[in-house]
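The notes are grouped by topic.

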Amino acid sequence: MQTYPIPMVPGPVKLPQAVLNAYQTNYGSADLEPEFLELHHKTESNLQMILGTKNRIVIQSGEGMLALWSALKSCLFPGDRVLAVATGVFGDGIGDMASSMGAEVKKISRPYDETISDMSEIEAAIVKFKPKMITVVHCETPSGTLNPIAELGRLKHRYKTPLLYVDAVSSAGGSPVLCDEWHVDLCLGGSQKCLSSLPDMAFLSVSDTAWEVVRQVDYVGYDALKPFHNAPAEHYFPYTPNWHGVASLNAGTELILNEGLDDSFARHEGVAAFCRKKLNEMGLSLFPALDAEPSPTVTAVKMPHGFTWPEFDATLRQHGLVVGGSFGPLAGKVFRLGHMGTQADMELVGRALGVIEKVIA
Ligand SMILES: *Cc1c(COP(=O)(O)O)cnc(C)c1O
């Protein structure tokens, strides 16, 4: 198998030894052993700290997308109103997902290099459209931007919108996520980004209001939230939990909490600032607009002149570096450095930037 010494893809990230070790055990059946419940409980409380919430955390076997679908399907009836605030590929996609299940979706879309700025437009939409749910993405990974969720949360609270749905898949652990302070009802996360684990676990915080809605909607399906309400208390999960996956997710959360959340945020911020500064010095242009908040976990850069994405990607790989391309309308125009989790490492990012500098010279 071809491996690369300088992995910079914005997920899945390079796995730390503690996460790999968590996979090296013949665990028993998670359905039978009380020890699994202890691990589950510990992982849930670690994730509560990382998401800044006292709300229950549901841990599911699957990738981050599972949590995104699960929360929508479990909380929406056809015809329910959803205000989708979109500043990128994921924000627009979540609106489309809600439409696909029959929700009445109103989108407030910004160009993908911007972050939420005009709160008055959103406020007017909340007042007029009266959504049941507002959806938004914290870190738009394909754009390398970070949206201000606190202000949206204040509006949600003021106008008593029942549900605020926040995709924090690529920010949780690398940037402050304060669900309770921001009035977030459904906060979605995944294992393979800042938590430096495998792409096999999804998790989400569920507020009391959201549980009440889940009960009313009573959605039944493999991705349903409802059976998780009593699952840990009754030791009766809707399917066999992935013990290896929970153990490695737990190891990822422990690494961050042992480092200290604030230290982890500072590490991500420091590496991101260094990365942006060096790229600017090389004459490359960052993708986010000047007044848009760049994400501390991923940097999106405009393709250097004279390269197509396949050529650039192939040349970087010859030098041992793998970066991310981008998606949707940004495909071929933007490349990305994922400095999240284990990859928020000054030395690693320094080597990556060294390769880029050599290749574009
Ligand atoms: C990665 C990502 C997802 C999806 O996670 P997968 O693990 O790839 O399913 C969702 N939202 C955002 C913002 C992401 O960066």
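Nine nonpolar residues and 4 polar ones make up the lining of the largest cavity, with no charged residues among them. The model is predicted.

**Cavities**

- The structure contains 2 cavities of 30 Å³ or more.
- The largest cavity has a volume of about 70 Å³, and 13 residues line it.
- Closest to the centre of the largest cavity are I59, S61, F228, F237 and P241.
- Two elements, α2 (34-51) and β2 (56-61), each give two or more residues to the lining of the largest cavity.
- Of these, β2 supplies the largest share of that lining, with 3 residues.
- The second largest cavity has a volume of about 50 Å³.
- Its lining consists of V85, T87, I108, R110, I116, S117, D118, E121 and I122.
- By class, the lining of the second largest cavity has 4 nonpolar, 2 polar and 3 charged residues, whereas the lining of the largest cavity has no charged residues.

**Largest pocket**

- The space in the largest pocket comes to about 310 Å³.
- There are 19 lining residues in the largest pocket, and those nearest its centre are M65, F90, V169, Q192 and K193.
- The elements that contribute two or more residues to the lining of the largest pocket are α3 (64-75) and α4 (89-100).
- The largest share of this lining comes from α3, which gives 3 residues.
- The lining of the largest pocket is made up of 9 nonpolar, 6 polar and 4 charged residues.
- The largest pocket lies between domain 1 (7-13 + 261-360) and domain 2 (18-257), because both domains give residues to its lining.

**Ligand**

- Around the ligand are E63, G64, M65, F90, V137, C139, T141, D167, V169, S170, Q192 and K193.
- Among these residues, M65, F90, V169, Q192 and K193 are also the lining residues nearest the centre of the largest pocket.
- A polar atom in the side chain of Q192 is 2.6 Å from a ligand oxygen atom.
- The side chain of K193 places an N or O atom 2.7 Å from an oxygen atom of the ligand.

**Backbone**

- Most residues other than glycine have a negative phi, and most peptide bonds are trans.
- The peptide bond from G11 to P12 is cis, and its omega is near -5°.
- P12 is part of the loop between β1 (6-7) and α1 (17-22).
- D218 is not a glycine, yet its phi is positive, at about 55°.
- The loop that holds D218 runs between α7 (208-217) and α8 (231-234).

Definitions and conventions. Residues numbered from 1 in each chain as written. Predicted model: local features only at pLDDT ≥ 70, side-chain atom pairs only at ≥ 80, totals over all residues. Heavy atoms only, no water. 1 Å grid on protein atoms, 1.4 Å probe; cavity = no way out; pocket = protein on both sides within 12 Å on 5 of 7 lines; lining within 4 Å. Points joined across faces, edges and corners; volume = space filled by probe spheres on them. Helix = DSSP H or I, 4+ residues; strand = E, 2+ residues; numbered from the N terminus. Nonpolar A, V, L, I, M, F, W, Y, C, P; charged D, E, K, R; others polar. Domains from an automatic or database assignment. Near = heavy atom within 4 Å. Polar contact = N/O pair within 3.5 Å; in protein donor to acceptor, adjacent residues only side chain to side chain.
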